[in-house]
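The following exercises concern side-chain packing and open space in a protein structure. Please inspect the structure before reading each solution.

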Amino acid sequence: ECLENVSQKYLGEICAFIIKKLRNEKLTRSQYSFFLRTVKDFNFGVETVPQRNSTMLYLSYQAQVMESTTKEVIRAEICSSLQQIFSNILCSDDKTKKAIWKNFCSTNDSEHFWKKFEDIYKALQKWSKNQKQKNRQNTSNIMAMMLGFGPQSLRDKFGEAFLKS
């Protein structure tokens, strides 16, 4: 809760700091996992331009690193953090957040969000093809959520393949 409150004011700075730490090749797996668990509590969203920019910065980073992530433990942490982030943005029960999301979707800014959303989905799809059974559930859960709340074009493009997996 503390990180959520601090990130409301300093999301850009904290997000840049975390990405810098995550890019550090000297992090142990547990340190890397710690930073991934930390971002789940950040105030990601699309309400203000700075918040939107920080959210897109983090999603862009994740889309990029997911291509080369092979460790199942890290994949599970990525899935967990992304599921929390997307849940807060896309599936909130808060009426104000719903209105903010609806307004955002009607702007041109949403195109960049949906592009990153699709890039992340494609990476998850690749992961699901060669994951161990015990870790496939994490990937399947977030993929189902993304299909359910994503644009119709995402469902058209990936829905059938998801149902067959």
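**Exercise 1: Packing around Phe 86**

Task: In this predicted model, list the residues in contact with Phe 86, leaving aside its neighbours within four places in sequence.

Solution. Step 1: Apply the contact cut-off, heavy atoms within 4.5 Å. Step 2: With neighbours within four places set aside, Phe 86 touches Leu 59, Cys 91, Phe 113, Phe 117, Ile 120, Ile 142, Met 145 and Met 146.

**Exercise 2: The largest pocket**

Task: Determine which residues lie nearest the centre of the largest pocket and which element gives the largest share of its lining.

Solution. Step 1: The volume of this pocket is about 470 Å³. Step 2: Its lining consists of 27 residues, with Asn 43, Phe 44, Gly 45, Glu 47 and Gln 51 nearest the centre. Step 3: Helix 1, helix 3, helix 4 and helix 5 each give two or more residues to the lining; helix 1 provides the largest share, eight residues. Step 4: Sorted by class, the lining holds nine nonpolar, 11 polar and seven charged residues.

**Exercise 3: The second largest pocket**

Task: Describe the lining of the second largest pocket by class.

Solution. Step 1: This pocket has a volume of about 270 Å³. Step 2: It is lined by 13 residues, and Glu 25, Leu 27, Tyr 32, Lys 71 and Ile 74 are the closest to its centre. Step 3: The lining contains four nonpolar, five polar and four charged residues.

Definitions and conventions: Residues are numbered from 1 along each chain as its sequence is written. This is a predicted model: local features need pLDDT of at least 70, side-chain atom pairs count only at pLDDT 80 or more; totals for chains, interfaces and linings use all residues. Side-chain values use heavy atoms; hydrogens and water are left out. On a 1 Å grid over the protein atoms alone, a cavity is a set of points where a 1.4 Å probe fits but cannot get out, and a pocket is an open set with protein on both sides within 12 Å along at least five of seven lines; lining residues have an atom within 4 Å of a point. Grid points are joined across faces, edges and corners, and a volume is the space filled by probe spheres set on the points. Helices (H or I, at least four residues) and strands (E, at least two) are DSSP runs, numbered from the N terminus. Ala, Val, Leu, Ile, Met, Phe, Trp, Tyr, Cys and Pro count as nonpolar, Asp, Glu, Lys and Arg as charged, and the others, Gly among them, as polar.
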